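Take a look at the chain below.

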Amino acid sequence: MEKEIDVPLLKNLMIRASRRAYAAKIQSGDGGNLSLRIPGHDGILIKASGCSFGDMGHEQIVEVDFDGRVQSDSSSKPSRELGTHLAIYKARPDVDAIFHSHSPWATAASQVFEAWPAVSLPLDLKIGEVPVVDAGDGHADSDAIAAIQSLLAEPGKKNLRAFVQRRHGIFCMANTIIKAEHDAELVEEAAQIAMLVRLGGRI
Ligand SMILES: [Zn+2]
């Protein structure tokens, strides 16, 4: 029997993470998305398509099972990056929340550096390696999903906390949505530092 879960509380946490990301300017407009596993249930909550982190409400969060079927009676559609989120949860049973943003410094740095440079001690200590994934022009399609699945299957990547898809943005994986959003802020900050160190000619 499935446990009783406080879904409104989970949605409140997603809204808190979203508003923080919008205020921190790591995501503008209606881009980016986030999701979390519903504990004890066969499904996730995910941001709806076409809404903004800045003013998302409960009605813009959709419940979906692991086959991608919408479970809630919401009229909102799940994010178009639903397939990417489901692929990550399937590959990583230890991950309970995913935060994804089209953050400007990380998107820029992913086109300058072949590998994410170690220029931020806090990033090294708190997150570790942040690989850059190439998926051509794939954005939430089967090519992007395959590239991410292949990254997560690499030896030594089983505890990976974050990666950046080139020309796209940051993906952070954590045990809570608040932690995943904090990690995205740190990745974005490290990307900004990397670009400034490059500007200073040191890397
Ligand atoms: Zn995206």
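This is a predicted model: local features need pLDDT of at least 70, side-chain atom pairs count only at pLDDT 80 or more; totals for chains, interfaces and linings use all residues.

Now step back to the whole chain. The protein chain has six helices and seven strands. Read from the N terminus, the elements run α-β-β-β-α-β-α-α-β-α-β-β-α. The C-alpha trace spans about 55 × 35 × 30 Å along its principal axes. How does the radius of gyration fit a compact globule? For 203 residues, such a globule would have a value near 17 Å. The protein chain has 16 Å, so the two agree.

Return to α6, which covers residues 177-199. This helix has 23 residues. From its first C-alpha to its last, α6 reaches 33 Å. That is close to the 33 Å expected at 1.5 Å a residue.

Two of the helix contacts described here involve α6. Start with α1, residues 7-23. The axes of α1 and α6 come within 9 Å and cross at roughly 15°. Angles under 35 degrees count as roughly parallel, so α1 and α6 are roughly parallel to each other. The crossing is right-handed. On the α1 side, the contact uses L13, M14, R16, A17, R20 and A21. On the α6 side, the partners are I177, I178, E181 and A184. By class, this contact of α1 with α6 holds seven nonpolar residues, no polar ones and three charged ones.

Next comes α3, residues 104-112. Its axis and that of α6 come within 8 Å, and they cross at roughly 50°. That angle makes α3 oblique to α6. The crossing of α3 and α6 is left-handed. From α3, the contact takes W105, A106, A108, A109 and V112. From α6, it takes V187, E188, A191, Q192, A194, M195 and R198. Nine of the residues in this contact are nonpolar, one is polar and two are charged.

Helix α2 spans residues 82-91, and helix α5 spans residues 142-153. Their axes lie 10 Å apart, at an angle of about 20°. That makes α2 roughly parallel to α5. Here α2 passes α5 in a right-handed crossing. Which residues meet in this contact? From α2 come G83, T84, A87, I88 and A91. From α5 come A144, I145, I148, Q149, L152 and A153. The contact of α2 with α5 divides into eight nonpolar residues, three polar and no charged.

α1 is roughly parallel to α6, and α2 is roughly parallel to α5. By contrast, α3 is oblique to α6.

Conventions: Residues are numbered from 1 along each chain as its sequence is written. Helices (H or I, at least four residues) and strands (E, at least two) are DSSP runs, numbered from the N terminus. The expected span of a helix is 1.5 Å times one less than its number of residues. Axes are lines fitted to C-alpha atoms, for helices over the stretch in contact, and angles run from 0 to 180 degrees between N-to-C directions. Angles under 35 degrees count as roughly parallel, over 145 as roughly antiparallel, 65 to 115 as roughly perpendicular and the rest as oblique. A crossing is left-handed if the near helix is turned anticlockwise from the far one by less than a right angle, and right-handed if clockwise. Two residues are in contact if their C-beta atoms, placed from the backbone, lie within 7 Å. Ala, Val, Leu, Ile, Met, Phe, Trp, Tyr, Cys and Pro count as nonpolar, Asp, Glu, Lys and Arg as charged, and the others, Gly among them, as polar. The radius of gyration is taken over C-alpha atoms; the globule rule is 2.2 Å times the number of residues to the power 0.38.
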